[in-house]
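Take a first walk through this protein. Begin with one residue, then step back to the whole.

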Amino acid sequence: MSEEYLDDLDRLCDRICQSPNDRESIVETKIRTVESDLPEEPPTYDASQMDAYTEQVKYVAVLEALLDLLEIGYHIEKNPDKIEGYPSVQLYPPDPDRFADDADAYKNQEREILQKERQAQFDDDSVREFIREMETPSRQHGKQVSVTDLIVDGSELYDDLHHLQDLDREAIIEELDTVFQPYIQVAERGVEDEQTGLDLHDIWRYFRYTWLTPYNSVPGRNINFLVRDAAREHHPVMGIASLASSMMNLKQRDQYLGWRIDSVKQELEQKTRKVEYEEILPKEERTQNKKKRTVTRTEKLETEEEWNERVSEYCSMLRDATEHAIDESIENVRFDDFISRYDDLSESDFETSSDTAMQRLKQLEGLGQYIFKQQPPLVDEVDDPENHDNVFDPSEYGLTAADLEDVDIKDDDPGNLDSWKRKSETALFVKKRARNLQKLLRDREYFLSNDIEDDREFIETALKTEEGERALRTALKEIKKRRVGAGMMNIQVCGAIPPYNHILGGKLVAMAITGPEVINAYRDKYEGYKSKIASAMKGEPVIKNNELVFLDTTGLFKVGSAQYDRVRVPALNGQIEYEEVGTTEGYGSVQFGPPTRKRLTQVTELLENRKAVKGRFGEGIAPKMRKIRRGLENMDLDGELLKHESPRIIYAVQLADNFREFLFGISDNPEYFWPFDDPTAEQEIIYDHWKSRWVSKRVQKDSVLNDIREFDKDKDLRLGYEVDFKNHSLDDF
């Protein structure tokens with residue numbers, strides 16, 4: 001920042017250190033002061049005014065980021081004798097172990113962080129208007145109904161349950177069949193609810209706004225569900241769920257599925273376990289107070305013969321899967337237009353991975369990058385390239401300045417084009433295709449040059465060389481790219497709507513989405529579905545599989561999830577359960593609210609004179625995270641600020657016995673735990689299990705029934721009460 005704003009920040013930090021209890025209000029006041037003098041639009045017509053505008057935006061971005069971090073527990077230290085730089089200030093994150101002995105305090109802190117952004121969405125006029133429309137009664141089946149009729153009143157549910165306490169458990173289970181009649185329903189946009197006349201997706205959206213986390217749409221595949229109660233008038237909502245395309249990169253999940261080199265190495269090791277036991281100390285070492293010692297011993301869990309047989313089978317599977325993945329990936333990347341572009345290129349160059357092919361692909365990558373970056377200045381055209389974020393070095397791609405003249409590649413937004421072929425010819429996809437083909441052709445050569453080795457020798461040798469490990473890594477990534485967006489989904493939303501939460505309705509929803517009706521709904525929605533990215537890479541439609549064999553999700557907190565823990569579904573062909581497989585690394589954007597994200601994005605656009613992250617179709621994963629990181633880096637702030645120190649437990653859910661073979665591309669025919677002979681009857685098994693395993697115990701507890709009775713849907717859940725009367729004055733609407 002300029003000296004003027006550095007001085008102002010220094011004085012601001014003095015005030016914060018002097019009045020730590022008022023630190024947030026101090027920063028908020030400063031933000032309002034700086035923004036009050038900030039033009040709504042950049043004054044591009046005047047260079048000096050534009051410079052001043054840029055400095056103001058940079059300062060506001062820093063202040064917004066500072067405010068967000070202070071609100072989640074960061075603290076400031078100012079010490080000129082100890083801290084280098086100016087201002088001599090350092091930010092420290094809160095102690096990650098400060099709630100180690102108090103899980104409730106930890107969860108309350110996390111809820112406060114999430115609540116900030118959740119509340120911000122209610123400042124959007126369109127959201128508030130939507131909520132009012134949903135709560136306005138309309139006539140359906142001769143009655144006035146609104147979305148609030150889909151919320152059960154606590155006293156009503158209490159009246160149906162409290163008499164069950166006098167019965168034994170078997171009788172309770174029998175009675176529960178008339179009290180609760182759950183069913184799951186796809187919340188499809190444009191489909192009218194038979195009970196209320198409301199759009200099913202609008203019902204889902206309304207209840208989604210009651211969630212602790214803010215409601216954001218996500219790219220890729222998505223399917224939403226309502227769990228309803230047919231035992232009551234209007235079939236009230238018991239819970240909601242949403243399945244969305246899984247995250248591309250989730251380290252512990254990928255390790256569990258075998259998509260990482262680390263997991264390959266682990267599979268080759270003989271399976272062992274460490275056992276601790278106590279033994280009597282030798283006589284000469286015994287004392288009055290110490291007669292035993294703890295000894296750790298490693299036990300083999302498989303014989304040499306079993307180990308060799310398992311590893312041989314695994315290596316055969318892995319070699320077949322990785323070779324196939326490389327070949328199929330090359331087939332699915334278009335390059336005919338590349339051949340047409342250069343006289344010295346032919347199809348045989350791609351078959352042999354010739355030097356000519358690799359050279360031309362590198363140049364094409366550079367041309368695509370140059371156009372996509374909006375033809376930035378060349379590295380030799382600026383005085384100090386290191387201080388320019390948006391410069392281009394043609395030599396990095398084997399190009400000259402002359403090669404960049406009159407380039408016929410267009411920077412069109414692929415999302416606005418109808419033809420897959422035209423999408424593939426945009427700057428973004430020229431760059432992506434050329435880059436991908438370089439890696440694929442290079443690593444296919446490793447497989448071809450070592451084809452005489454047997455399977456186990458091939459895998460073990462590959463892991464000992466840089467080229468071999470790189471080839472396996474590329475192939476595993478291609479396997480993941482094919483299946484992560486198709487054969488598996490992420491449970492993005494899953495939980496109960498009060499008062500059903502008091503009888504573990506969250507577990508009901510978690511179990512329901514593993515059932516045959518959900519798998520069939522996924523099959524129906526994505527049958528013949530064209531993969532957008534894969535189709536743009538190939539230049540023609542690519543249809544991916546529509547089988548769902550695996551679910552992943554994370555708990556809301558780093559401590560155990562009451563919703564997912566001990567959830568097991570007795571399917572007819574095996575048991576489905578939520579299995580803990582690790583934790584996330586604690587990176588994310590939840591600590592930065594919309595104002596901060598907006599200003600950091602502005603900073604990047606102003607400093608680089610372009611949108612570094614355009615948010616276009618095909619541009620890449622996690623655009624929100626990349627925008628924030630880019631903005632922080634442009635302000636010379638540490639990207640580690642994206643580490644929110646709130647790792648979350650990762651859960652894996654297997655829906656088919658051969659899910660790993662399917663996710664490796666070895667099989668296209670899942671062996672599901674459900675036979676699909678009668679999906680409706682099979683889905684009922686889940687609901688019966690929920691009632692007998694969980695609800696029958698909960699309704700015997702006075703505390704549970706009292707919580708249900710005290711639930712007031714108007715004050716405790718209805719969004720109109722929260723949005724209008726808590727956050728806004730009456731004359732605001």
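**A buried arginine**

R599 counts as buried, at 9% relative accessibility. Buried means under 20% relative accessible area, exposed means over 50%, and partly exposed lies in between (1.4 Å probe, protein chains only). This is a predicted model: local features need pLDDT of at least 70, side-chain atom pairs count only at pLDDT 80 or more, and totals for chains, interfaces and linings use all residues. Residues are numbered from 1 along each chain as its sequence is written, and side-chain values use heavy atoms, with hydrogens and water left out.

Helix α22 (residues 594–608) holds R599. Helices are DSSP runs of H or I with at least four residues, strands are runs of E with at least two, and both are numbered from the N terminus. From R599 to M488 is 111 residues in sequence and 35 Å in space, C-alpha to C-alpha.

Now turn to R169. R169 sits in helix α7 (residues 169–179). Its relative accessible area is 33%, so R169 is partly exposed. R169, R566, K697 and K701 form a positive surface patch. Like charges are joined within 9 Å.

Step back to the whole. The protein has 28 helices and 14 strands. Its radius of gyration, taken over C-alpha atoms, is 30 Å, close to the 27 Å that the globule rule gives for 733 residues, so the protein is as compact as a globular protein of that length. That rule is 2.2 Å times the number of residues to the power 0.38. Buried residues make up 50% of the 733.

Note on methods:
Patches are made of residues with over 30% relative accessible area and no salt bridge: like charges are joined within 9 Å, nonpolar side chains (Val, Leu, Ile, Met, Phe, Trp, Tyr) within 5 Å. Accessible areas come from the Shrake-Rupley method with a 1.4 Å probe; for residues, only the protein chains shown count as cover. A salt bridge is a side-chain nitrogen of Lys or Arg within 4 Å of a carboxyl oxygen of Asp or Glu. Lys and Arg count as positive and Asp and Glu as negative; His and the chain ends are not counted. The place of a charge is taken as NZ of Lys, CZ of Arg, CG of Asp or CD of Glu.
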